[in-house]
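Trainee: I have a new structure open and would like to learn how to read it. Could you walk me through it with me asking as we go?

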Amino acid sequence: MPSSVGSWLLRTPIPIKDIKAKLVDLEAALQQASHDMAWQLHKYQELRNFKLALNIEITTYNKLLEWRMEQSWM
């Protein structure tokens, strides 16, 4: 911690109740951020799985189309 900040903290009395209230607020914000990140990860995984399923379907249709094109040339 820089000495100017440290000396400011020593010179400025901060009531313990204010510090505890700020700590409670920060813990609540951290909990909410953790919850939001978990939700976003879940949604990302859903989208990734959906994209994978679409890619498989597209590949399947492309193979089918290639096969039909080969059949039509024969």
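Trainee: How many salt bridges does a search of the whole structure find?

Mentor: The idea is to look for a side-chain nitrogen of Lys or Arg within 4 Å of a carboxyl oxygen of Asp or Glu. In this predicted model, the search of the whole structure turns up one salt bridge. It joins the side chains of Lys43 and Glu46, with 3.4 Å from N to O.

Trainee: Where do Glu46 and Lys43 lie?

Mentor: Both belong to helix α2, which covers residues 16-73. They are three residues apart, about one turn of the helix.

Trainee: Are Glu46 and Lys43 buried, exposed or partly exposed?

Mentor: Under 20% relative accessible area means buried, and over 50% means exposed. Glu46 has 38% and Lys43 has 34%, so each falls in between and counts as partly exposed.

Trainee: What share of the protein chain counts as buried?

Mentor: Of its 74 residues, 0% count as buried. The chain has two helices and zero strands. Its accessible surface is about 7,300 Å², and carbon and sulfur atoms account for 66% of that.

Trainee: Which residues form a nonpolar patch on the surface?

Mentor: To read a patch, look for nonpolar side chains within 5 Å of each other, on residues with over 30% relative accessible area. Here the patch consists of Ile14, Ile16 and Ile19, and together they have about 270 Å² of accessible area. Take Ile19, found in helix α2: its relative accessibility is 43%, so Ile19 counts as partly exposed.

Technical notes. Residues numbered from 1 in each chain as written. Predicted model: local features only at pLDDT ≥ 70, side-chain atom pairs only at ≥ 80, totals over all residues. Heavy atoms only, no water. Helix = DSSP H or I, 4+ residues; strand = E, 2+ residues; numbered from the N terminus. Buried < 20%, exposed > 50% of the residue type's maximum accessible area, 1.4 Å probe, protein only. Patch = residues over 30% accessible without salt bridge, like charges linked within 9 Å, V, L, I, M, F, W, Y side chains within 5 Å. Areas by Shrake-Rupley, 256 points an atom, 1.4 Å probe, with all protein chains shown as cover.
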